[in-house]
Amino acid sequence: MQIKTMATYAANGETPEILFWVGCAGSFDQRAQKITKAFATILEKTGVQFAILGKEESCTGDPARRAGNEFIFQMMAQNNIQLLNMYGVKKIVTACPHCFNILKNEYPALGGNYEVIHHTTFLQSLIDEGKIRMKEGGAFKGKKITYHDSCYLGRGNNIYEAPRKVLETLDAELVEMKRCRSKGLCCGAGGAQMFKEEEKGTTRINIERGREAVDTGASVIASNCPFCMTMLTDGVKETGKEDEVKVLDIAELIALHLE
């Protein structure tokens with residue numbers, strides 16, 4: 001798959017409709033790379049003109065700020081803002097709620113003002129516009145899917161409906177976990193916890209959440225975040241049901257059913 005970079009567009013005097021911000025996980029984590037490819041495939045098939053930063057993209061600085069290193073965050077954010085403003089970026093779409101949250105809510109204070117959209121919301125808009133057409137009788141028709149509300153998308157930005165509306169197009173039965181929406185349980189990786197050992201306790205959060213998801217009887221756990229993907233996958237393994245219950249990003253589910 002060949003995806004144009006912002007540098008390529010700029011060299012031709014053109015500007016793409018959106019910048020796809022891939023993020024660190026989407027770039028380097030082997031499992032999250034599949035989410036990146038799935039979303040890029042959807043963008044290509046629906047005719048969306050998009051670009052990536054490629055080697056010019058660096059971390060948003062979110063983990064640094066969450067871990068308390070404000071100096072590193074400020075330095076990384078300023079470098080990113082300078083690059084984005086140089087290219088005249090107006091609209092950013094990302095598959096990572098952590099990138100989404102910090103670009104949307106924390107970059108403006110530093111001079112980075114962009115329209116930032118999470119990929120689930122963007123997918124919903126493509127469906128509403130009729131650009132995404134689904135195959136009849138897909139692999140998940142009639143099956144149960146449960147959806148995990150990531151903290152930064154749900155409680156952090158109050159986005160609950162868009163991911164669920166996208167899942168409704170799969171003709172599957174959406175079953176909710178006991179703790180969902182504003183009362184959803186964290187996967188255990190938020191607030192830079194992804195990069196440190198958890199505090200002492202009796203149960204790891206991701207194991208608790210994995211068990212809760214499996215208990216719904218769903219054969220698919222739909223995720224919207226690469227960190228949640230990792231934590232939930234490990235949580236499901238602890239239940240011994242990894243062969244029966246799959247954890248997939250919403251973009252992967254849609255890519256599987258595109259006409």
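# Strands, sheets and helix packing

Q: How many bridges join strand 1 to strand 3, and in which sense do the strands run?
A: Strands are DSSP runs of E with at least two residues, and helices are runs of H or I with at least four, each numbered from the N terminus. Two strands pair if DSSP finds at least two bridges between them. Strand 1 and strand 3 run parallel, and the bridges that join them number three.

Q: What pLDDT do local features need in this model?
A: Residues are numbered from 1 along each chain as its sequence is written, and side-chain values use heavy atoms, with hydrogens and water left out. The model is predicted: totals for chains, interfaces and linings use all residues, side-chain atom pairs count only at pLDDT 80 or more, and local features need pLDDT of at least 70.

Q: Which residue of strand 3 stands opposite Leu19?
A: Strand 1 covers residues 18-21 and pairs with strand 2 in the parallel sense over two bridges. There, Leu19 stands opposite Ala51. In strand 3, Leu19 faces Ile92.

Q: Which residue of strand 4 stands opposite Val93?
A: Strand 3 and strand 4 run parallel, joined by four bridges. Helix 6 (residues 97-105) sits between them in a right-handed β-α-β unit. Right-handed here means that, with the strands pointing away from the viewer, the path from the first strand over the helix to the second runs clockwise. The residue opposite Val93 is Ile117.

Q: Are helix 3 and helix 7 roughly parallel or roughly perpendicular?
A: Helix 3 (residues 30-45) packs on helix 7 with the axes 12 Å apart, at an angle of about 25 degrees. Angles under 35 degrees count as roughly parallel, over 145 as roughly antiparallel, 65 to 115 as roughly perpendicular and the rest as oblique. The two helices are therefore roughly parallel.

Q: How many nonpolar residues are in the contact of helix 3 with helix 7?
A: Contact means heavy atoms within 4.5 Å. Phe39, Ile42 and Leu43 in helix 3 meet His119, Phe122, Leu123 and Leu126 in helix 7. Ala, Val, Leu, Ile, Met, Phe, Trp, Tyr, Cys and Pro count as nonpolar, Asp, Glu, Lys and Arg as charged, and the others, Gly among them, as polar. The contact has no charged residue and one polar, and its nonpolar residues number six.

Q: Is the crossing of helix 7 and helix 8 left-handed or right-handed?
A: Helix 7 and helix 8 have axes 8 Å apart, at an angle of about 50 degrees. They are therefore oblique to each other. A crossing is left-handed if the near helix is turned anticlockwise from the far one by less than a right angle, and right-handed if clockwise. This crossing is left-handed.

Q: Which residue of strand 7 stands opposite Thr146?
A: Strand 5 (residues 144-147) pairs with strand 6 (residues 173-174) in the parallel sense over two bridges. Across that pairing, Lys144 stands opposite Glu173. Strand 5 also pairs with strand 7 (residues 220-223), over three bridges. In strand 7, the residue opposite Thr146 is Ile221.

Q: How many charged residues are in the contact of helix 9 with helix 10?
A: The axes of helix 9 (residues 205-214) and helix 10 (residues 226-239) come within 7 Å and cross at roughly 70 degrees. That makes the helices roughly perpendicular. Among the contact residues are Arg209 and Arg211 of helix 9 and Asp234 and Glu238 of helix 10. By class, the contact has five nonpolar and four polar residues, and its charged residues number four.

Key: Axes fitted to C-alpha atoms, helices over the stretch in contact; angles between N-to-C directions.
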